[in-house]
Amino acid sequence: MSAGEVAAGCEGLLLVRHPSEASVLSEVVAAGQPPVARLPSVLTKLDPDPVDYLPAAHALLGTALALLRANGLAWVDQGEATLLLAETEPFAGPVPDGLEWRALDGAGAALAQPARVLESLGAWVVERDTGWSPLRPPWSRAGWLARAGGWMAEAMTTPACPRPARPRWSSCGASPRCCGPTRRAAPRT
């Protein structure tokens with residue numbers, strides 16, 4: 001999008017890493033094109049909340065992945081995000097059509113597309129390779145939601161709520177829901 005264009009929405013770039021390799025999901029590069037990482041993306045409304053772009057990301061990947069972080073990279077004059085980088089939990093499923101694993105090191109991050117993601121992606125590669133920063137919030141670390149969800153499910157498993165759902169992100173943070181029938185107290189007379 002050129003500087004003079006008015007954004008019709010927000011492009012959400014998905015930073016999805018492989019669970020055991022130094023690779024990220026990338027759009028397939030056409031033959032004869034430079035082998036650069038082009039992060040998969042989804043288009044949503046301006047200045048989206050996770051509930052606006054995560055369903056599109058889940059549809060693109062064929063599975064629901066937990067969001068670790070989302071950082072705005074470009075905005076319109078009113079301060080609404082037009083480009084964001086959304087980092088998810090590592091992905092171990094089958095690679096969707098049109099995507100491939102692409103090794104990403106410091107040199108590769110410097111060639112990634114679109115260019116507006118270079119600084120953020122370069123910093124992410126350094127942090128991935130040297131160890132996650134102690135300043136990174138716990139919920140933005142891979143595996144945290146699963147551990148927290150296990151704790152929540154265990155804490156909620158009572159006769160009143162036998163099968164809590166897998167915790168999911170909402171605008172208020174992680175929240176579990178009861179899936180099974182609940183036992184309500186008898187009404188007072």
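Colleague: Leaving aside residues up to four places away in sequence, which residues does Gly72 touch?

Modeller: Bear in mind that this is a predicted model. With sequence neighbours up to four places away set aside, Gly72 touches Leu83 and Leu84. Gly72 and Leu84 are twelve residues apart in sequence, yet their C-alpha atoms lie 4.2 Å apart in space.

Colleague: Where is Gly72 found, then?

Modeller: In strand E4, which covers residues 67-75.

Colleague: Now a helix. How do I read which way the side chains point?

Modeller: The general idea: an α-helix has 3.6 residues a turn, so residues three or four places apart point the same way. Take H4, residues 144-156. It spans 18 Å from its first C-alpha to its last, close to the 18 Å expected for its 13 residues.

Colleague: Which residues in H4 are buried?

Modeller: Leu145, Ala148, Gly149 and Met152. Looking down the axis of H4, the buried residues fall within an arc of 105°, so they line one face of the helix.

Colleague: What does the face turned away from the buried side of H4 carry?

Modeller: Exposed residues: Ala146, Arg147, Trp151 and Glu154.

Colleague: How many helices and strands does the chain have?

Modeller: Four helices and eight strands. From the N terminus, the order is β-β-β-α-β-β-β-α-α-α-β-β. Of the chain's 189 residues, 36% count as buried.

Note on methods:
Residues numbered from 1 in each chain as written. Predicted model: local features only at pLDDT ≥ 70, side-chain atom pairs only at ≥ 80, totals over all residues. Heavy atoms only, no water. Helix = DSSP H or I, 4+ residues; strand = E, 2+ residues; numbered from the N terminus. Buried < 20%, exposed > 50% of the residue type's maximum accessible area, 1.4 Å probe, protein only. Contact = heavy atoms within 4.5 Å. Expected span 1.5 Å × (residues − 1). Arc of directions from axis to C-beta.
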